[in-house]
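Here are my notes on this model, as numbered points. Please read them with the structure open.

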Amino acid sequence: QGIAMWMEEHEEVDRDVVLDRIAHHYVRAAELANELGPVEGLLPDLQEKALWWLERAAARATQWEIPVVAERLYAEGLRLLAGRHGARHRAFLTGRARALARLRDIAPARSDAEAAIVESRSAGPEADADLGAALLALADIEQKESRWDAADKALTEAGEVFARIGDPGGEAEVLRLRGFGALFRHEYAEATELLQRALARFEELEDRRGVAWALQNLAWCAFYSGHAEKAEVQLRRAAATFEDLGDMGGLRWAHGLLAWTRLQQGHAAEAEAMAEEILQEDRRGGDRWAIGMMLVLSGSARLWTGRTNSAVERLREAQELFDGIGEDFGYSQAAAVLGRALVLAGHVQEGLDTVALIGQGDTSLTERQQMVTAMAGLSATVQVGDVPRSQALLDAADGLLDAVGEDGLLVGDSERVTSIGLLRLQLGDVAGAVAALSSLDQRLAPGVDPNLHSALALAHAADGSLDDALRMADEVDDH
């Protein structure tokens, strides 16, 4: 108790480490007091002090997206409360549920959220705000397990609760989570419509944090829909708001997705640097899904810049991590890049087998996912000159032969067109290869994409344009 009181008086209590240590000392003092009984000199409200500091520290860890710390702090609070129901007990249950969900400990997360819901219902109308918060936590948990009907049921009830108590911010959050669910079901038109409605509500309420999260989700939707430039604009706006609010967790999420857009636009070195910086923070926080996505991004950047072996290391770690949490979508993304990296590293059969297994037997893949899967296979097979298999993949996948759009590069355009150009060369269609590769070269920013321009150098050499071939090869060497 004495250490906590001294720190409270003399230290900067807004610093995370100080906040955490004050909470720690008050909690230990309160636990000892519970064991020993009345002790002279202890504060009469010692337990309340401990809970107040725990609440503050846990909220900070949650905002900074450090779920491993948030879970520990909420657990300590629940242990101190020892089953005494009330507003704080409900808040700690919901807080721990959110932290556990971030850690992908889904079963205990669901248990906490459901316990908070039951307790809130038992408390009557005075606990309706707590009931709404617990239902939102449960909906997020169900979405992480792709239990869409259960998530929709929780969101419907949460919306009714927020409407009943006159909480428009809660209603906006319901819309945002509905949009987020549609995004992960790859229903991009519905996701965009819902997220835009949520954004408008948050803007009406002047809820800047809500606005930033809605923008971040819209950017995610734009990126997966194939519009990296649009996603970048939304992400920079979201990041600026998060930074202004001091929301470092939101800022890290925005920067993580921004790193993906930079990779797609050809800025591999910048994307890798961003990914590695974010990865350090994500490892500290313990969110395994976020860690996995940054590993895939870092591995992709290393692969596209010729560091194949180090790419394989990153991608294997990502694949193992996603497998451990049962995350099929992330596993497929890691496998798609890993297969290509293995082929380039000389492990040809293992690489082709890895790519061939993506989505095998999964009838739920959307058209775009099927195209991405085919693109991964095509990229691998053209590297080893397997023309029959490459042609079969091309013939089977709608959209792979689409021209580069007029409104900006779509996600995957560079890799898709490069693979098609290489296949054209292998088929002896030199003019077709030059035309396909040049169509992308005219649109790409920045000026040099090592993968594309290496292929274009080969195409120019094949059609006798040796000066162009040497110039392109020199640009790749200098990149």
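1. Start with arginine 302. Arginine 302 sits in helix α15, which spans residues 288-304. The model is predicted, so treat the side chain as a prediction too. Is arginine 302 buried or exposed? Its relative accessible area is 13%. The cut-off for buried is under 20%, so arginine 302 counts as buried.

2. Next, the surroundings of arginine 302. Leaving aside residues up to four places away in sequence, arginine 302 touches Glu272, Glu276, Arg307, Ser310, Ala311 and Arg314. Glu272 and Glu276 are charged residues in that list. Arg307 and Arg314 are charged as well.

3. The fold as a whole. The protein has 24 helices and zero strands. It has 479 residues, and 53% of them count as buried. Take the contacts with a separation of 6 or more: 58% of these join residues 24 or more positions apart. The accessible surface is about 21,200 Å². Carbon and sulfur atoms contribute 51% of that surface.

4. Helix α11 covers residues 208-225, and helix α12 covers residues 228-245. Their axes lie 8 Å apart, at an angle of about 155°. Angles over 145 degrees count as roughly antiparallel, so α11 and α12 fall in that class. The crossing of α11 past α12 is left-handed.

5. Which residues make the contact between α11 and α12? From α11 come Arg208, Arg209, Val211, Ala212, Trp213, Leu215, Gln216, Leu218, Ala219, Ala222 and Phe223. From α12 come Lys230, Ala231, Gln234, Leu235, Arg237, Ala238, Thr241, Phe242, Asp244 and Leu245. By class, the contact holds 13 nonpolar, three polar and five charged residues.

6. Check the backbone at serine 146. Most residues other than glycine have a negative phi. Serine 146 is not a glycine, yet its phi is positive, about 60°. Serine 146 lies in the loop between α7 (128-144) and α8 (148-165). Its relative accessibility is 44%, so serine 146 counts as partly exposed.

7. Where is histidine 186 found? The place is the loop between α9 (168-184) and α10 (188-205). Histidine 186 has 17% relative accessibility and therefore counts as buried.

Methods
Residues numbered from 1 in each chain as written. Predicted model: local features only at pLDDT ≥ 70, side-chain atom pairs only at ≥ 80, totals over all residues. Heavy atoms only, no water. Axes fitted to C-alpha atoms, helices over the stretch in contact; angles between N-to-C directions. Helix = DSSP H or I, 4+ residues; strand = E, 2+ residues; numbered from the N terminus. Parallel < 35°, antiparallel > 145°, perpendicular 65-115°, else oblique. Left-handed = near helix turned anticlockwise from the far one by under 90°. Contact = heavy atoms within 4.5 Å. Buried < 20%, exposed > 50% of the residue type's maximum accessible area, 1.4 Å probe, protein only. Areas by Shrake-Rupley, 256 points an atom, 1.4 Å probe, with all protein chains shown as cover.
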